[in-house]
Amino acid sequence: MIGHTDNVIDIDAPVAFVWERTNDLRNWPELFSEYASIDILQETAGSATFRLTMHPDEQARVWSWVSERHWDKAARVVRARRVETGPFEFMNITWTYEELGPDCTRMRWVQDFHMKPDAPVDTAAMTDRINHNTAVQMKLVKERVERSRCRVVGMDDVPSNTRRGGDLRTLLAPPNVGTSAGFCGAVRLAPGEGVSEHYHPYSEEYLFVAHGELRVDLDGEPVVIGTEQALHIPRNVRHRLTNTGDSQALVVFQIGPLAPEPHLGHVDTEAGPGDPVPGAGSGPAGATASNGFGFPAQDTASAASGAAPASPVAGSPLVRAGFAVPAVPLPASIATGPGGPTVIR
């Protein structure tokens with residue numbers, strides 16, 4: 001008898017955000033209640049080998065084992081197996097993610113396994129145990145992922161983007177809170193400082209001046225907005241911001257909907273302080289598309305678009321329970337270590 005479990009849960013968050021949060025291995029002790037710590041032993045663009053350590057059980061024993069995990073972001077599939085199998089002859093796990101809507105993701109965990117003859121429980125009993133525990137952990141993951149979308153984000157909590165001028169901070173966006181319809185932030189501008197001209201092919205922009213006075217050039221035509229005034233900038237309208245006051249300006253912006261890919265969201269039509277030489281690209285002459293969020297490029301692309309970088313994994317496939325899991329060469333300290341989970345007393 002092969003043990004098999006199949007559990008699903010719907011999470012109210014975009015699929016890319018759920019993918020990022022649930023595959024952030026270093027955050028697993030905060031996401032799951034059963035794990036005390038995780039140690040990454042080996043990592044590539046598409047895989048990781050790691051040691052999980054659980055909280056003490058009722059007999060004060062601490063269980064630990066090594067697993068490996070491989071992900072296919074384009075297919076939204078993760079496959080994993082235990083390297084240190086312990087009481088299992090084998091344990092394979094498949095995670096899949098299905099987009100049900102802009103703010104809803106179905107996450108499925110399928111586990112295939114078989115217990116060793118001398119294991120303390122048989123395969124049927126372990127199936128019941130896994131089904132019970134999976135339901136508990138899935139509910140907790142759902143609650144914690146959804147809660148992470150509703151959090152306060154301050155200017156100092158996010159990186160500064162000064163490439164176009166000023167001190168621009170994207171506060172709420174797909175990478176950090178899983179927005180699905182747009183993003184917002186603020187920019188500080190010193191007197192005389194500005195943001196270089198650009199436009200948004202897919203999005204409208206809403207500006208609100210919280211403090212100061214601003215001149216906005218819209219397709220070359222100047223518009224002045226002051227403290228506690230707002231301005232709407234339609235799609236494809238070129239705009240440049242300049243602080244015309246004698247004190248620092250604080251300008252809040254909101255942009256939506258999202259572009260199909262983050263790098264398509266902004267098209268620069270002139271060089272900014274961080275771009276001494278404008279590049280060539282689509283749009284008006286001299287225009288160049290660029291990242292719109294200000295987060296690290298790899299985080300932006302993965303969270304907003306779900307696109308997967310090419311990440312071939314070395315090693316021959318190891319077939320378990322009907323699917324192939326590429327084997328990752330283990331460090332010598334693991335490859336020659338015990339075959340079962342480690343019990344730390």
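1. A definition to begin with: two strands count as paired if DSSP finds at least two bridges between them. Strand β11 (residues 204–211) and β14 are joined by 5 bridges and run antiparallel. Within this pair, E205 sits opposite I233 of β14. Please keep in mind that the model is predicted.

2. Where does this pair belong? β11 and β14 are part of an open sheet of 5 strands, in the order β8-β9-β16-β11-β14, and the pairing is antiparallel. The edges are taken by β8 (167–172) and β14 (229–233); each has a single partner strand, so one side of each is left without a neighbour in the sheet. On average, neighbouring strands here are turned by 20 degrees against each other, direction ignored.

3. Now to the helices. Helix α1 (residues 15–22) packs against helix α3 (residues 123–148) at an angle of about 115 degrees, and their axes lie 11 Å apart. The crossing of α1 past α3 is right-handed. On the α1 side, F17, V18, R21 and T22 make the contact, while α3 contributes V141, V145 and S148. Sorted by class, that gives 4 nonpolar, 2 polar and 1 charged residues.

4. Finally, the chain as a whole. The protein chain has 6 helices and 21 strands. Of its 345 residues, 46% are buried. Counting contacts between residues at least 6 apart in sequence, 63% join residues at least 24 apart. The accessible surface is about 16100 Å², and carbon and sulfur atoms account for 54% of that surface.

Key: Residues are numbered from 1 along each chain as its sequence is written. This is a predicted model: local features need pLDDT of at least 70, side-chain atom pairs count only at pLDDT 80 or more; totals for chains, interfaces and linings use all residues. Side-chain values use heavy atoms; hydrogens and water are left out. Helices (H or I, at least four residues) and strands (E, at least two) are DSSP runs, numbered from the N terminus. Axes are lines fitted to C-alpha atoms, for helices over the stretch in contact, and angles run from 0 to 180 degrees between N-to-C directions. Buried means under 20% relative accessible area, exposed over 50%, partly exposed in between (1.4 Å probe, protein chains only). Contact means heavy atoms within 4.5 Å. Accessible areas come from the Shrake-Rupley method with a 1.4 Å probe; for residues, only the protein chains shown count as cover. A crossing is left-handed if the near helix is turned anticlockwise from the far one by less than a right angle, and right-handed if clockwise. Ala, Val, Leu, Ile, Met, Phe, Trp, Tyr, Cys and Pro count as nonpolar, Asp, Glu, Lys and Arg as charged, and the others, Gly among them, as polar.
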